[in-house]
Amino acid sequence: MNIVALSGSNVGSKTRTAMDYTVNTIAEKYPETEVTLIDLADLEIQFSDGRNFLDYEGDTKYVAQTIMDADAIIIGTPIFQASIPATLKNLFDLLPQDGLRDKVTSVLVTAGSLTHFLIVEQQLKPILSYMKAQIVQDYVFIEEKDFHRKEITNDNVLLRVDRLVEDTVGLTETYMNMRKTKEEAYGF
Amino acid sequence: MENYRIDPAKGMEFGLYTLGDHLPNPIAGERISAEQRIHELIKLAQLAEQAGIDFFSVGESHQEYFATQAHAVVLSAIAQATEKIKISSSSTIISTSDPVRVYENFATLDLISKGRAEIVAGRASRVGLFDLLGYDLRDYEELYEEKFELLLKINEEEVVNWDGQFRAPLKDAQVLPRPQNGSLPIWRAVGGTAASAIKAGYAGVPMYLAHLGGPVASFKQAVDAYRDAARQSGFDPSTLPISTAGFFYTAETTQQAQKEYYPHINEGMKLTNGQGFPKQAFAQSEDLRTVINVGSPQQVIEKILYQHEQFGHQRFIAQMDFGGVPFDKLRKNIELIGTEILPAIKKHTAKE
């Protein structure tokens, strides 16, 4: 199983902190999985101009290809201006319209307060659905007060991240098996 | 129809097209040389002609895993190796080419082939050639529209006066040589959406409708929209031919055809488009109501005739060599087309 942990912003450190914890959790609990952390803050990504993702170059091609190769994607995102960051939306725009077909996605949000709790429901999930992802329904919402000096200090959050990881791996296994059974039945 | 060298009384035409892809055979895991691939294409056109197939076309794609970027050159060799089969591009990317040069090439090809050449002009689904040839992707739409218009004008007028955005103006220019009968059939390539088909209708040019898969009904919408748009623009749709083009593969049984062809489509799509072809969509090709013509000869005949009934098109063009299909299998396909499929299709679509 190939999981990509995506830190979807190039501003701030909280999402990255949460993704680091998530990646460590996966590595510890599911050593047989392959995990790649992509932090958009570390990369030079160009804006989508509508071409096929194979036609981009450099970091843009790397990120698009890595996501397309993944079985599961754990998306970490802050909330900016009552929405997901442009960096994250741009990443979706780089991919084919059904680019998340046969992939499981789960979401982890960092935000100043609970005010924008429904942004995931209203803005992120519709995009993931449109791109044909299988979505882990529960997501983890982490507030500013749950962090202290680049660490998550709220045990409740840590437990929820652990469960998100478990759900992501479980759902991915389930879909992989389901697809395998279905495809084997075709006889070609 | 006669402007486009098509006689519907003889029944629907059947053609082959190749994108000239140079992909590994996923079963053998090996890739033949580009030289061998090009020579096999020339041989394929000869075999197609011998089997009574009406049309053979070669595409250009400027990226890894393709071998016929200079498709007019390959077509020229095919022209010399054959005598009666119609030959064409499928498609010529007119957006990034000079219409004058394209016309010179294809008019020459028409003379070499003694009046068998056609042009299908498209606008590229992959855009690597924009960088390669020095064009700006932001001009994607406008480049295509302007250059396609110029190509048509050169075809229609012996002396051209023209002024545009992407090329030096033409003043009393003669584009030579002229094709055998003064003009060439020029088709507009359409990717399958009604929006794109409508543009071909407005221009009053024949439509070459490509499809990868999906229901016949959705392509019928494009066909209907095309004819409506042509009518609205003052053209008579009954004078404008339509061709459809898509995946095709036949073997003794439907199951065998699916089994043999699927790995080529799936692995080929992964390498050239980044995503495989979903097994479910491929499996659905068994259904009469879908456009992929893969199956036993009988199944394929039924499907093509159903599409003909729905679209009323004049030509179907099969893509059977995508993704490193070995030559012996292509030969077998042509044999089944010649002995079983073509006679049935001609019989049922000829107008006495």
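1. Thr33(A) counts as buried because its relative accessibility is 11%, where buried means under 20% relative accessible area, exposed over 50% and partly exposed in between (1.4 Å probe, protein chains only). Thr33(A) sits in the loop between α1 and β2 of chain A. Its side chain reaches the backbone oxygen of Tyr30(A) at 2.7 Å. Leaving aside neighbours within four places in sequence, Thr33(A) is in contact with Met1(A), Ile3(A) and Ile26(A); contact means heavy atoms within 4.5 Å.

2. This is a predicted model, in which local features need pLDDT of at least 70 and side-chain atom pairs count only at pLDDT 80 or more, while totals for chains, interfaces and linings use all residues. Residues are numbered from 1 along each chain as its sequence is written, chains are lettered from A and ligands numbered from 1 in the order in which they are written, and side-chain values use heavy atoms, with hydrogens and water left out.

3. In chain A, strands β1 (residues 2-7) and β2 (residues 34-39) pair in the parallel sense over six bridges; pairing requires that DSSP finds at least two bridges between the strands. The chain crosses from β1(A) to β2(A) through helix α1 (residues 14-29), and this β-α-β crossover is right-handed, that is, clockwise from the first strand over the helix to the second with the strands pointing away from the viewer. Helices (H or I, at least four residues) and strands (E, at least two) are DSSP runs, numbered from the N terminus. Val4(A) has Thr36(A) as its bridge partner in β2(A).

4. In chain B, Gln319(B) belongs to strand β12 (residues 315-319). Gln319(B) counts as buried because its relative accessibility is 2%. Not counting residues up to four places away in sequence, Gln319(B) touches several residues, including Tyr17(B), Phe247(B) and Tyr261(B).

5. Lys125(A) is buried at 8% relative accessibility, whereas Glu121(A) is partly exposed at 36%.

6. A salt bridge in chain B links Asp224(B) and Lys220(B) (3.3 Å, N to O). Both residues lie in helix α7 (residues 216-232), four residues apart. Asp224(B) is partly exposed, with a relative accessible area of 32%, and Lys220(B) is partly exposed at 25%.

Terms used: Polar contact = N/O pair within 3.5 Å; in protein donor to acceptor, adjacent residues only side chain to side chain. Salt bridge = Lys/Arg side-chain N within 4 Å of Asp/Glu carboxyl O.
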